[in-house]
Amino acid sequence: MKKPANTKRIFRNICKENNLRYKLDESGNPISPTRKRKFDDHLYWDGHVDKIGVYVERETNTKYNHIKKKLLSVGCEVNQDGDNEGTFYIAKENVLVVAKLLGTTKNEISEEKRAAARERMKKLWASGAMKK
């Protein structure tokens, strides 16, 4: 399969459109990591035009099989299946369902709440309550 030019930008746009976390891993490849520090789950881009990769790992075979069943029930296809870890593919149209399951979505906060929090922090810094 021929990969389109600048695929990292395509994945970044998918993350932006779906309000997903985005960062580069140690190799410089784009991923959408989980917020859950206990797990190393993430969505990843390997150049497929119509699919997103999903990586999950659990400490026991039972826990892995449980998350695997959930992923398969929302439409994931198995790519590699190990004892405690595996990779899957999901159609781009269904990526948000998997992202919510794995916790790779950003916190949703309204612009009004964000502005109010920004103003509170400005006041705290100006009053000297927050020191460097």
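**Ring cluster and a buried threonine**

Mentor: In this predicted model, ring pairs join Phe11, Tyr22 and Trp45 into a cluster. A search of the whole structure gives two aromatic pairs.

Trainee: What makes Phe11 and Tyr22 an aromatic pair, and why is the pair called tilted?

Mentor: Set the two values against the cut-offs. The centres of Phe11 and Tyr22 are 6.1 Å apart, and rings pair if their centres lie within 6.5 Å. The planes of Phe11 and Tyr22 make 40 degrees. Under 30 degrees would be stacked and over 60 edge-to-face, so the rest is tilted. Hence this pair is tilted.

Trainee: Where in the chain do Phe11 and Tyr22 sit?

Mentor: Phe11 is in helix α1, residues 7-17. Tyr22 is in the loop between α1 and β1 (23-24). They are eleven residues apart.

Trainee: How do you know whether Phe11 is buried or exposed?

Mentor: Its relative accessible area is 2%. Buried means under 20%, so Phe11 is buried.

Trainee: Why does Tyr22 count as partly exposed?

Mentor: Tyr22 has 24% relative accessibility. Buried needs under 20% and exposed over 50%, so Tyr22 falls in between.

Trainee: What makes the pair of Phe11 and Trp45 tilted?

Mentor: The centres lie 6.0 Å apart and the planes meet at 35 degrees. Stacked needs under 30 degrees and edge-to-face over 60, so this pair is tilted too.

Trainee: Why do you say that the pair of Phe11 and Trp45 ties parts of the chain together?

Mentor: Because Phe11 lies in helix α1, while Trp45 is in the loop between β3 (42-44) and β4 (51-57). The parts are 34 residues apart in sequence. Both Phe11 and Trp45 are buried.

Trainee: Now Thr104. Why is Thr104 called buried?

Mentor: The relative accessibility of Thr104 is 0%. The limit is under 20%, so Thr104 is buried.

Trainee: Which residues are in contact with Thr104, leaving aside neighbours within four places in sequence?

Mentor: Leu20, Arg21, Ser32, Pro33, Thr34, Leu43 and Ala99. Thr104 itself is in the loop between α3 (95-102) and α4 (111-127). Cys15 is 89 residues from Thr104 in sequence, with C-alpha atoms 9.6 Å apart.

Trainee: What makes the phi of Asn19 worth a look?

Mentor: Most residues other than glycine have a negative phi. Asn19 is not a glycine, yet has a positive phi of about 55 degrees. Asn19 sits in the loop between α1 and β1.

Trainee: How do you know that Asn19 is partly exposed?

Mentor: Asn19 has a relative accessible area of 29%. That is between the limits of 20% and 50%, so Asn19 is partly exposed.

Trainee: Step back to the whole chain. What is the order of its elements?

Mentor: From the N terminus, α-β-β-β-β-α-β-β-α-α. That gives four helices and six strands.

Trainee: How does the radius of gyration of the chain compare with that of a compact globule?

Mentor: The chain has 18 Å, whereas a compact globule of 132 residues would be near 14 Å. The C-alpha atoms fill a box of roughly 55 × 40 × 25 Å along the principal axes.

Trainee: What percentage of the residues count as buried?

Mentor: 30% of the 132 residues. The accessible surface is about 9000 Å², with 49% of it on carbon and sulfur atoms.

Trainee: How many positive and negative side chains are there?

Mentor: The chain has 29 positive and 18 negative ones. The centres of the two sets lie 8 Å apart.

How values were computed: Residues numbered from 1 in each chain as written. Predicted model: local features only at pLDDT ≥ 70, side-chain atom pairs only at ≥ 80, totals over all residues. Heavy atoms only, no water. Helix = DSSP H or I, 4+ residues; strand = E, 2+ residues; numbered from the N terminus. Rg over C-alpha atoms; globule rule 2.2 N^0.38 Å. Buried < 20%, exposed > 50% of the residue type's maximum accessible area, 1.4 Å probe, protein only. Areas by Shrake-Rupley, 256 points an atom, 1.4 Å probe, with all protein chains shown as cover. Lys, Arg positive; Asp, Glu negative; His and termini not counted. Charge placed at Lys NZ, Arg CZ, Asp CG, Glu CD. Contact = heavy atoms within 4.5 Å.
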